[in-house]
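Subject: A structure for you to explore

Hi,

Here is the structure I promised to pass on to you. Have a look around it first, and then read my notes below.

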Amino acid sequence: MAPVLEIGFGDGSGFRAEAQGVGVGGDGEGRDFEEFLVPVFPPTRAGRGAVGARHLCGGTIFPWERNETPCVCLRAGEPFPNFMGHVKLHIPGPVEVSEKTFRAFCRPMMGHRGQGFKDLYARIQPQLQQLLATRQLVYISTSSAWGVMEGAIRNLVAKKVLNCMCGAFSDKWLEVSKRCGKDAEALQVPWGSPIRAAAIDQKLATGQFDALTIIHNETSTGVMSPLDEVAALKKKYPHVLFIVDSVSSMTAVPLRFDELGIDVLLAGTQKAFALPPGASVFVCSPAALARAATMKDRGYYFDFVEFQKNAEQSMTPSTPSIGHVNALESKLEDIFAEGLEARYARHRRTNQMTRDWAARHGFTLFPEPGFESITLTCVNNGAKAGGRVVDVVKLQKMVKDGGFLIDGGYGKIKGTTFRVSNMGDETEASMGQLLAVMDEAMKKLQ
Ligand SMILES: Cc1ncc(COP(=O)(O)O)c(C=O)c1O
């Protein structure tokens, strides 16, 4: 009997299709198949079905271009996954996580003080150092990025911190600094603008500050600030510790920690790493560690000195999410198999596809020209003058019906912008599938 594929869309709708063609084996319940094709019916919603099925099961769609019945090609030996309710994420984090990564995440547990874990940490350490171009030890924290962001304030701000603010996440860092009881001052630029070195220089020249925070890629506005330009200020202000959030840029753009001369570089795992949320990767300069050692109220869980001491033994200060470390190993394997330069170039190309889509549909972008992120696109939808405006909620709904989640804007620019992520594992082919669904949605919005 031919196996039956059930496809659902999470909204109660769906259909059944018989697998055809094939070299098939299997028990009819989704196990032990050879590769086979599943035509996606009914034809009235064939496009949607094919796209949905592709993202629900990881197969390859064809023939897509020739207007024939789309088919999904399922891989050999894969059990049918749960097709219900999985909408592929194109929000700017968390992003889609590959099956390979999930498998690594689900490896059996081990003791975090045992040799198995130490070996794992020691195996990935050189790759993490290569990724961030540093000789410093790279730490893994089982917390989302805010844990390390708050930790950096508690470990490093003795006198006063300058919080460079250009969007929702960088703005919040000022509030976090204050809640940590620190003297903190804002360097605020309008949302959509980048943080420039000249503005920082003016503030630091007052001599009031011993630390600053900056977000490299402000995910809320889709702005990438010029990190090289800002980091160059370190030469003029060596005693000021530069804390850099690269949450939505790490692994997608070159970040050469030692050359930049900055003091902390951190990222969460659910963005361009394409790992599940819940862990962070970060690195500290010797100056940052020296400052941390003098700070009396730096706490324990995010004590940078503890991270260093433990990393020297290939361990973390407390029990880590071992699944994340396994998944990170798997992802680093992918990253280095692809090659860093190829990965950066892929992100530039897939981002350009989204920008081109926006331009083709008459939209402008929210970021100031020249400072657009390459991991996500923040489309202007009325937040700024110029360009087209659509009903974002309707657009999101139609795109979601096609199997993808895009973001409807963040904070005070919710609805007047929308965001599409290309970070992580996305390729030209996968972005093409998303943008085709977005094209269809735009036709209906006209
Ligand atoms: C640039 C940036 N920094 C910090 C954060 C906070 O990360 P988390 O909520 O994972 O702690 C985010 C989350 O989206 C972000 O985009």
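**What I found**

Thr251 lies in the loop between S13 and helix H8 (257-260). Please keep in mind that this is a predicted model. Thr251 has a positive phi of about 85 degrees, although Thr251 is not a glycine. Is Thr251 buried or exposed? Thr251 is buried, because 26 other C-beta atoms lie within 10 Å and 20 or more are enough to count as buried.

Ala133 is found in the loop between helix H3 (115-131) and S7. With 14 other C-beta atoms within 10 Å, Ala133 is partly exposed. As background, most residues other than glycine have a negative phi, and most peptide bonds are trans.

There is a cis peptide bond to find as well. The bond from Gly93 to Pro94 is cis, with omega near -5 degrees. Pro94 sits in the loop between strand S6 (88-89) and helix H2 (99-105).

Now zoom out to the whole chain. The chain has 14 helices and 19 strands, and buried residues make up 47% of its 446 residues. Of the contacts with a separation of 6 or more, 67% are between residues 24 or more positions apart.

Next, the sheet. In what order do the seven strands of the open sheet come? The order is S7-S15-S14-S13-S10-S8-S9, and the pairing is mixed. S7 and strand S9 (184-188) are the edge strands, as each pairs on one side only. On average, neighbouring strands of this sheet are turned by 20 degrees against each other, direction ignored.

S7 covers residues 138-141 and runs antiparallel to strand S15 (residues 280-284), with four bridges joining the two. Tyr139 has Phe282 as its bridge partner in S15. Along S7, Val138 and Ile140 point one way while Tyr139 and Ser141 point the other way, and all of them are buried.

Further along the sheet, strand S8 (residues 161-165) pairs with strand S10 (residues 211-215) in the parallel sense over three bridges. Here the bridge partner of Leu162 in S10 is Leu212.

Helix H4 (residues 145-156) lies across S7, S8, S10, strand S13 (241-245), strand S14 (264-268) and S15. H4 runs at about 160 degrees to S14.

The buried residues in H14 include Leu434, Val437, Met438 and Ala441. An α-helix has 3.6 residues a turn, so residues three or four places apart point the same way.

Finally, the ligand. Which residues surround the ligand? They are Gly93, Ser144, Ala145, Trp146, Phe169, Ile215, Thr219, Asp245, Val247, Ser248, Gly268 and Pro277. By class, this shell has six nonpolar, five polar and one charged residues.

Enjoy exploring, and write back with any questions!

Best wishes

Methods. Residues numbered from 1 in each chain as written. Predicted model: local features only at pLDDT ≥ 70, side-chain atom pairs only at ≥ 80, totals over all residues. Buried ≥ 20, exposed ≤ 12 C-beta atoms within 10 Å, placed from the backbone. Pairing = 2+ DSSP bridges. Axes fitted to C-alpha atoms, helices over the stretch in contact; angles between N-to-C directions. Contact = placed C-beta atoms within 7 Å. Near = placed C-beta within 6 Å. Nonpolar A, V, L, I, M, F, W, Y, C, P; charged D, E, K, R; others polar.
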